[in-house]
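Here's a quick tour of this model, chain by chain, with a stop at one helix pair along the way.

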Amino acid sequence: MFKKVVVDPVHCKECGYCIKFCPKGALSKGTELNKKGYHPPVVNDDCVSCGTCALVCPDAAISVYKE
Amino acid sequence: MEKRVFMEGNEAMAEAAIRAGCKLFFGYPITPATEVLEYYARAMAERPEEEIMVVQAETELAAFSMVAGAAASGNRAMTATSGPGFSLGQESMSFMSAAEIPAVVVDSMRPGPGDGEILPAQGDYFQAVKGGGHGDYNTLVLAPYSIQEMCDLIQEAFVLAEKYCNPVVMLVDSTLSKMREAVALPGYTEVPDPDSKPNALRGCGKEESHHIITSGDGAVQWGEYNDMLQEKFKKMRENEVRYESYEVEDADIVMVAYGSMARVCQSAMRMAREKGIKAGMIRPISLWPFPKEAIAAVGDKKILVCELSAGQMVEDVQLSVKDRDNVYFHGKLGGATPTADDILSKIEEVIGA
Amino acid sequence: MKTVYEKPAVFKEAVTNYCAGCGHGIVSKLIAELIDEMDLQEKGIMVWPVGCSVLSDRYFKMDTFVAMHGRAPATATGIKRARPDKLVMVYQGDGDLVSEGMAEIMHAAIRGEKLSIVFINNAIFGMTGGQMAATTLIGQTASTAPLGRKTETSGYPMRMAETLATMPGVSYSARCTINTPARIRECKKMIKKIYEMQMSDQHGLCFLEILSPCPTGWNTTPVNALDWIDEKMVETYPLGLFKDEESE
């Protein structure tokens with residue numbers, strides 16, 4: 001399945017900026033824990049590949065693609 | 001080699017450094033080293049074709065950091081200061097050793113402690129030789145005793161700094177800096193391409209990036225890094241001892257002195273010989289590494305250490321010999337230099353003892 | 001398929017040491033993007049401070065110099081005077097620039113050194129655990145001001161961007177922040193500008209102060225830290241362009 005937003009679980013620190021600034025509210029806190037104990041976010045189908053999440057991420061943990 | 005010229009120590013040394021390809025000078029005015037900065041500033045103004053770059057820094061703190069930046073970029077760079085400024089630069093000495101930066105630092109000693117006087121002294125020995133900065137590091141310390149030697153050694157200092165990727169200290173004093181002597185100025189030397197120096201900051205492009213950083217990464221990594229530096233210092237100890245011996249073979253008393261004090265002792269030695277006293281001298285030229293073996297070799301004779309201090313090098317002499325009772329000391333504080341007569345009296349006193 | 005965003009190529013793999021939500025992370029990323037876009041790996045030499053970003057050199061495939069605390073502008077001066085064709089990219093925080101390095105930044109400005117300086121102002125000393133900085137707000141608590149900064153004992157917040165703008169050796173001085181997507185985009189333009197101005201070789205010191213969230217130092221969550229910038233910091237540190245030689 002084509003993924004518009006790919007979150008690198010190793011780099012995510014669960015700061016919440018991507019969730020806050022997504023204009024579509026497409027990101028939310030994930031349920032999986034990464035090795036450091038953070039919950040990388042998950043993306044739903046409302047995503048339009050605008051790239052705002054990647055823009056605000058302090059860890060460059062998000063990649064964004066458009067079909 | 002040119003014909004001899006009559007020049008001031010600071011200026012001759014500056015000229016020799018320029019001819020060694022040290023185009024970058026960063027300094028702060030301080031007696032008795034100021035003329036090095038001024039000579040460089042005039043050279044920058046009067047010889048534009050040589051592309052000399054001088055910055056009069058806001059403080060010695062800044063000057064040392066500027067030298068570190070310039071030297072880290074692969075170019076020869078230098079500063080010249082005196083005790084109070086050298087004290088300010090001690091964090092930099094530690095840093096540059098840690099970062100393997102090949103800078104050259106001239107300290108023209110004056111009496112301390114504090115602002116003291118602007119006359120000659122040798123009270124920065126501990127600081128230069130034992131390392132006034134924090135942590136475990138060493139730097140080569142060269143101690144010329146004539147303007148000729150200042151010129152020859154400053155050119156070698158850059159080569160040595162690059163050979164070991166470590167700062168080199170040239171330890172002189174007010175007398176050497178400010179006196180005038182005939183000197184055959186050394187010529188222009190070969191200068192390595194800045195981009196070719198290991199770890200030089202040059203803009204890495206797609207090649208391996210170079211990082212100047214002195215923070216460790218945990219005990220294991222930092223321990224290994226220190227071990228590597230210590231190996232390097234060990235090689236320096238093994239390979240860079242320099243000294244000169246004068247008539248020690250048949251001597252009953254051997255003086256140990258460096259820099260301008262050695263000049264006086266040389267005269268005293270001649271006067272002593274004329275009086276039938278078998279006096280000799282060992283003149284360390286590298287204070288670090290200290291010529292321990294040369295001194296140990298005369299340890300059965302009486303040794304008279306003469307310094308313009310309360311006694312700093314004397315401790316290294318004591319450490320070098322088996323019998324400390326053979327080591328005598330004559331020191332002078334405050335900026336006056338003992339005369340050859342003063343030293344001769346001391347020789348006679350020690351010999352009589 | 002089109003790539004809208006991928007991590008900059010100049011970044012190494014390491015996870016940064018920055019806290020969640022740290023402004024250093026956002027600004028480092030913008031700088032990394034500019035390095036990729038403007039092809040600066042050969043042109044640029046980075047000078048880093050002592051502070052939370054002391055380890056940042058290991059995140060970049062660039063020639064870097066982590067300077068002694070406060071000395072970055074002096075070290076950068078040495079590099080730039082030795083290699084004037086390079087873009088010397090200086091990055092400092094409050095402790096480094098305003099406290100330890102006040103003489104160095106002022107004299108780099110006095111001399112009009114051709115440097116581009118990014119100054120991260122988070123009103124606290126982050127790396128050493130949250131002590132008061134010269135930029136700490138009046139009344140703001142810190143480990144060395146448990147009751148909040150008092151002017152009687154600790155003076156007033158230092159406004160670097162305005163001060164430097166008064167100096168003839170400074171060609172550009174501005175203050176921005178990064179607490180919204182729009183402001184992050186604007187910040188990137190301003191960082192690009194201070195790099196371009198140095199590369200034109202027509203200007204002196206170019207300075208950009210960035211108000212940056214420090215959730216750990218401010219004892220709050222990352223998202224709340226972003227709000228605190230608007231609620232509290234901007235009043236003391238107004239955003240704006242204080243000097244731009246290019247538009248004069």
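Start with chain A, whose elements run β-α-β-β-α-β along the sequence. That gives chain A two helices and four strands. Keep in mind that this is a predicted model.

How compact is chain A? Its radius of gyration is 11 Å, close to the 11 Å that the globule rule gives for 67 residues, so chain A is as compact as a globular protein of that length. Laid along the principal axes, the C-alpha atoms of chain A fill a box of roughly 30 × 25 × 15 Å. Buried residues come to 48% of the 67 in chain A. As for how the chain connects to itself, take the contacts in chain A with a separation of 6 or more: 56% of them are between residues 24 or more positions apart.

Now for chain B, where there are 13 helices and 15 strands. A compact globule with 353 residues would have a radius of gyration near 20 Å, and the 21 Å of chain B agrees with that. Its C-alpha trace spans about 70 × 50 × 40 Å along the principal axes. In chain B, 52% of the 353 residues count as buried. Among its contacts between residues at least 6 apart in sequence, 78% join residues at least 24 apart.

Here are the two chains in brief:

| Chain | Helices and strands | Source of the count |
|---|---|---|
| Chain A | two helices, four strands | predicted model |

Next, the helix pair, which sits in chain B. Two packed helices are described by the angle between their axes and the distance between the axes. What are those values for α1(B) and α7(B)? The axes of α1 (residues 9-19) and α7 (residues 147-164) of chain B come within 8 Å and cross at roughly 30°. Angles under 35 degrees count as roughly parallel, and α1(B) and α7(B) are therefore roughly parallel to each other. Their crossing is right-handed.

Which residues make the contact? From α1(B) come B:Gly9, B:Ala12, B:Met13, B:Ala16 and B:Ala17, while α7(B) brings B:Ile147, B:Met150, B:Cys151, B:Ile154 and B:Gln155. By type, the residues of this contact divide into eight nonpolar, two polar and no charged.

Conventions: Residues numbered from 1 in each chain as written. Chains lettered and ligands numbered in written order. Predicted model: local features only at pLDDT ≥ 70, side-chain atom pairs only at ≥ 80, totals over all residues. Axes fitted to C-alpha atoms, helices over the stretch in contact; angles between N-to-C directions. Parallel < 35°, antiparallel > 145°, perpendicular 65-115°, else oblique. Left-handed = near helix turned anticlockwise from the far one by under 90°. Contact = placed C-beta atoms within 7 Å. Nonpolar A, V, L, I, M, F, W, Y, C, P; charged D, E, K, R; others polar. Rg over C-alpha atoms; globule rule 2.2 N^0.38 Å. Buried ≥ 20, exposed ≤ 12 C-beta atoms within 10 Å, placed from the backbone.
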